Amino acid sequence: MAVTASDERWMSLALALGRRGHGRCWPNPAVGCVIVRGDIVVGRGWTQPGGRPHGETQALAQAGARARGATVYVTLEPCAHTGKTPPCAEALVAAGVARVVSALEDPDPRVAGQGHAILRSAGIEVETGLLAAEAAEDHAGFLLKTTEKRPLVTLKLASSFDGRIATAGGESQWITGPAARRYVHYLRATHDAVLVGAGTALADDPSLTVRDLGVGHQPVRVVCDSRLTTPATGQLGKTAREVPVWMCHGPKAPERALADWAATGAKLVACEIDEAGRLDIASVLRALASHGLTRVFSEGGGQIAASLLADGVVDRLIGFTAGLALGAGGLPSVALMPDAGLAAAKRFQLVETRAIGADVLHVWRRS
């Protein structure tokens with residue numbers, strides 16, 4: 001059966017549903033599912049917090065007996081392995097669905113085409129690749145974790161018109177306005193974790209939580225601090241038992257600092273260091289992925305931004321630019337990077353630009 005405009009409409013709905021799981025269902029992908037019978041939606045679902053139940057399970061439970069003979073639209077190949085729950089592919093077979101339209105094949109070796117094979121062997125018609133580019137965008141974090149062993153990285157830079165994040169005297173609150181700051185809270189909520197460097201943690205003593213949006217979940221708060229110079233008595237340490245804090249540290253972190261942070265309930269994540277004695281950012285990302293994170297939102301500061309950009313691991317670049325200039329004495333949004341020449345500089349593709357309050361929002365994607 002050929003893919004139709006109606007198929008695209010239902011898959012678009014499944015993708016929209018799946019996005020509701022962003023930031024909430026790691027280490028699993030945020031899958032959306034819609035079950036349609038006679039052009040009527042009889043079931044819909046998305047991956048629930050913590051990764052269970054899956055989107056297909058949710059949709060099938062809602063559809064009940066009406067799933068028999070129906071068409072299922074799912075944003076990623078139904079799973080084929082038994083984990084904490086039985087395979088979704090087998091659940092679809094048992095429900096008696098007639099057709100499954102999926103956007104992407106799952107690269108997880110435990111699935112990798114086996115879910116589609118289970119469906120086809122049961123006589124179910126299977127269509128793949130519908131809105132694949134959109135689905136790859138939505139599932140980018142899970143796909144990267146599976147294939148490259150690192151999470152998707154979104155780097156946020158909020159700066160003056162001349163690229164400064166603080167005055168020469170260190171004043172930084174607030175360069176951008178309340179509308180931009182509110183949008184940052186939304187971005188935090190759609191990622192599994194918020195990442196900052198030791199400089200930001202020391203200078204701002206931030207909480208890094210989502211506030212004033214009515215959101216019931218919080219991202220993991222990650223600090224890159226090779227020697228654990230961030231005091232455990234600050235905001236992060238005081239709230240580590242309520243909202244997770246992960247401290248990425250190097251092999252030379254003092255035993256006392258390790259003990260102090262462990263006492264707060266924070267997770268200690270051992271990472272490698274680079275030639276300059278800083279945390280190796282590739283090692284940090286591998287460690288975060290190994291602990292299940294799929295989407296990381298970096299809020300700086302300048303050294304973390306420089307490390308991520310220099311390593312070529314920034315997938316989304318989000319800028320908030322304010323209409324003021326602070327001059328050369330101000331703190332740059334990106335620290336010193338290796339100078340390999342303009343031709344070698346990594347360029348990003350512009351996705352969106354718009355006014356946000358009194359500031360400008362610009363969103364870029366890795367080319």
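Modeller: Let's begin with helix 12. Its buried residues are G302, I304, A305, A306, S307, L308 and L309. Keep in mind that this is a predicted model.

Colleague: How many residues of helix 12 are buried, out of how many?

Modeller: 7 of its 9 residues are buried, so helix 12 is mostly covered. The helix spans residues 302–310.

Colleague: And what follows helix 12?

Modeller: G312 does. Its phi is positive, near 70°.

Colleague: OK, new topic. Which residues of helix 3 are buried?

Modeller: C88, A89, L92 and A95. Seen down the axis of helix 3, they fall within an arc of 125°, so they line one face of the helix.

Colleague: What do those buried residues pack against?

Modeller: Four elements: helix 2, strand 3, strand 4 and helix 4.

Colleague: Let's take helix 2 then. How do helix 2 and helix 3 cross?

Modeller: Their axes come within 9 Å and cross at roughly 20°. Angles under 35 degrees count as roughly parallel. Helix 2 and helix 3 are therefore roughly parallel to each other.

Colleague: Left-handed or right-handed crossing?

Modeller: Left-handed, as helix 2 passes helix 3.

Colleague: Which residues make that contact?

Modeller: From helix 2, E56, T57 and L60. From helix 3, C88, A91, L92 and A95. By class, the contact has 5 nonpolar residues, 1 polar and 1 charged.

Colleague: Now the other partner. At what angle do helix 3 and helix 4 pack?

Modeller: About 20°, with their axes 9 Å apart. Helix 3 and helix 4 are therefore roughly parallel to each other.

Colleague: And the hand of that crossing, left or right?

Modeller: Helix 3 passes helix 4 in a right-handed crossing.

Colleague: Who meets whom there?

Modeller: On the helix 3 side, A89, E90, L92 and V93. On the helix 4 side, G115, I118 and L119. The contact of helix 3 with helix 4 divides into 5 nonpolar, 1 polar and 1 charged.

Colleague: Which residues of helix 4 are buried?

Modeller: G115, H116 and L119. They cover an arc of only 95° around the axis, which puts them on the same side of helix 4.

Colleague: What covers them?

Modeller: The cover of the buried residues in helix 4 includes helix 3, strand 4 and strand 5.

Colleague: Which residues other than glycine have a positive phi?

Modeller: D39 is one of them, with phi near 65°. L131 is another, with phi of about 55°.

Colleague: Where do they sit?

Modeller: D39 is in the loop between strand 1 and strand 2. L131 is in the loop between strand 5 and helix 5.

Colleague: Is each of them buried, exposed or partly exposed, and why?

Modeller: D39 has a relative accessible area of 48%, so it is partly exposed. L131 counts as buried because its relative accessibility is 16%. The cut-off for buried is under 20%.

Colleague: Switching to prolines. What kind of peptide bond joins W26 and P27?

Modeller: A cis one, with omega about 10°. P27 is in the loop between helix 1 and strand 1.

Colleague: And what about R52 and P53?

Modeller: A cis peptide bond joins those two, with omega about -10°. P53 lies in the loop between strand 2 and helix 2.

Colleague: Last one. Where is H81?

Modeller: H81 lies in the loop between strand 3 and helix 3.

Colleague: What does H81 contact, leaving aside its neighbours within four places in sequence?

Modeller: P86, P87, R110 and V111.

Colleague: How far apart are the C-alpha atoms of H81 and R110?

Modeller: They are separated by 6.1 Å. Along the chain, H81 and R110 are 29 residues apart.

Definitions and conventions. Residues numbered from 1 in each chain as written. Predicted model: local features only at pLDDT ≥ 70, side-chain atom pairs only at ≥ 80, totals over all residues. Heavy atoms only, no water. Buried < 20%, exposed > 50% of the residue type's maximum accessible area, 1.4 Å probe, protein only. Helix = DSSP H or I, 4+ residues; strand = E, 2+ residues; numbered from the N terminus. Arc of directions from axis to C-beta. Contact = heavy atoms within 4.5 Å. Axes fitted to C-alpha atoms, helices over the stretch in contact; angles between N-to-C directions. Parallel < 35°, antiparallel > 145°, perpendicular 65-115°, else oblique. Left-handed = near helix turned anticlockwise from the far one by under 90°. Nonpolar A, V, L, I, M, F, W, Y, C, P; charged D, E, K, R; others polar.
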